[in-house]
Amino acid sequence: MKICIVAGARPNFIKVAPLIRAIQHTDGISYQLVYAGKADDLTLETTLFDDLQIPRPDVFLGVESTSLNELTGMVMGAFEDYLEKNATDVVVVVDDLASTMAAAIVTKKQGILLAHLVAGTRSFDIKMPKEINRLVIDGLSDLLFTAGMSNNSITNREGAEQSRVYMVGNILIDNLRFNHSRWLRPAMMDELKLEDRGYVVFTLNRKALIANEENLCKMLQAILQKADDVPVVAPLRGAARKTVERLYAQLSEHKTIGKLYLVDALPYLEFGYLTAHAKGIITDSGNVAEEATFNGVPCITLNSYTEHIETVKYGTNVLVGEDPEQLAEEVGKMVGGQWKSHSLPDRWDGRTAERIVQILLNR
């Protein structure tokens, strides 16, 4: 069986890494890893692939565009050319990017079996481009691999036959189990004299949050005032770092607030250590919240929804939207050790990739 695994952006590699490792240890199945972007993409640092223990992509489609519609068309053309030149039995696409949707459309037009990894995620906001991508990809897919029962329910309500839907668990957890003994304590923790469980991690990536500087300033103030003497570590890059740095400087001039350490974005294994050993995490990343649930670390998500409600129902996650007052209340609980009880969602056991490989072989 020849499988093509398509990655559209850096986070996709973290999710396909366990699948690649499982394929490498299984007879009768081979793969090629295709990346929609360019070979010199700066986000694909060498350490990423070393940390994940997977090779770099076999093929780079070389697409780069700031226009989602243009990017979709370019990926469709480049991926169609790839499939015409490479015999493929199954195409596995990941998540909900425009490039993911483009690859899904081309796959079905070529009459090739399509599998969607992390299917059934919804925000229920049709104004979000990613929501449209999710609906299209799930609607086209022959195999829908979901992380939990809530995702199964969504796909079933939308008309997917039960025979197409497989609850395989959360593939991010496979990486956490695989790397449990490989985490690397960042050198900056010693430089800043940070002790395990003695700091809060803050990550920020959503463009809408960063753009609304007035509200972001209130949220940052809420975090730092309630954190009090517990230092907040923020491994940020790009616009997020510049904006937070400027807002922190403004707050420091006029108010008494806690410590914020802005540090460089960390390699995968170092970031894994930082979050796994934190007192708590404040983030707008669903992936980070999912990992926090597995690690048993209290987590506050700066969003009004999550693709995996299991992190809230059973895990350590709490949603506060973009409300500074609610954020302040939850940060107070976090640093005060008053967090809710939690458990591990069903099939978040680190064996998701094994299940997927067996399902593919049985097809």
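Reader: Lys85 and Asp81 are both in helix H3; by about how much of the helix are they separated?
Author: This is a predicted model. Lys85 forms a salt bridge with Asp81, with the closest N and O atoms 3.2 Å apart. Helix H3 spans residues 68–85, and the two residues are four apart in it, so they are separated by about one helical turn.

Reader: With which residue does Glu158 form a salt bridge?
Author: Glu158 sits in the loop between helix H6 (149–157) and strand E7 (165–167). Beyond its neighbours within four places in sequence, Glu158 is in contact with Leu135 and Arg122. The salt bridge has its closest N and O atoms 2.6 Å apart, and the partner is Arg122.

Reader: How many residues apart in sequence are the parts that Glu158 and Arg122 tie together?
Author: Glu158 lies in the loop between H6 and E7. Arg122 lies in the loop between strand E5 (113–117) and H5. The pair therefore ties together parts whose separation in residues is 36.

Reader: Is Arg122 buried or exposed?
Author: Glu158 is partly exposed, with a relative accessible area of 43%. Arg122 has a relative accessible area of 4%. Buried means under 20%, so Arg122 is buried.

Reader: What distance separates the C-alpha atoms of Glu158 and Asp138?
Author: Glu158 and Asp138 are 20 residues apart along the chain. Their C-alpha atoms are separated by 9.3 Å.

Reader: What accessible area do Ile126, Ile132 and Leu135 have together?
Author: Leu135 is found in helix H5 (residues 129–140). Leu135 is partly exposed, with a relative accessible area of 35%. With Ile126 and Ile132, Leu135 forms a nonpolar patch on the surface, whose accessible area is about 250 Å².

Reader: Which strands stand at the edges of the sheet, each with a single partner strand?
Author: Seven strands make an open sheet in the order E3-E2-E1-E4-E5-E6-E7, with parallel pairing. Each edge strand has one side left without a neighbour in the sheet, because it has a single partner strand. The edge strands are E3 (59–60) and E7.

Reader: Which residue in E2 is the bridge partner of Ile5?
Author: Strand E1 (residues 2–7) is mostly covered, with five of its six residues buried. E1 pairs with strand E2 (residues 30–35) in the parallel sense over six bridges. In E2, the bridge partner of Ile5 is Leu33.

Reader: Which residue in E5 does Val92 stand opposite?
Author: Strand E4 (residues 90–94) and E5 run parallel, joined by five bridges. Val92 stands opposite a residue of E5, namely Ala115.

Reader: What angle does the direction of helix H1 make with that of E2?
Author: Helix H1 (residues 10–24) packs on the sheet. H1 touches E1, E2, E4 and E5. Its direction makes with that of E2 an angle of about 165°.

Reader: What is the average twist from one strand to the next in the sheet that begins with E10?
Author: Six strands form an open, parallel sheet in the order E10-E9-E8-E11-E12-E13. E10 (260–263) and E13 (317–319) stand at the edges, each with a single partner strand. From one strand to the next, the twist averages 20°.

Notes. Residues numbered from 1 in each chain as written. Predicted model: local features only at pLDDT ≥ 70, side-chain atom pairs only at ≥ 80, totals over all residues. Heavy atoms only, no water. Pairing = 2+ DSSP bridges. Axes fitted to C-alpha atoms, helices over the stretch in contact; angles between N-to-C directions. Patch = residues over 30% accessible without salt bridge, like charges linked within 9 Å, V, L, I, M, F, W, Y side chains within 5 Å. Areas by Shrake-Rupley, 256 points an atom, 1.4 Å probe, with all protein chains shown as cover. Salt bridge = Lys/Arg side-chain N within 4 Å of Asp/Glu carboxyl O. Buried < 20%, exposed > 50% of the residue type's maximum accessible area, 1.4 Å probe, protein only. Contact = heavy atoms within 4.5 Å.
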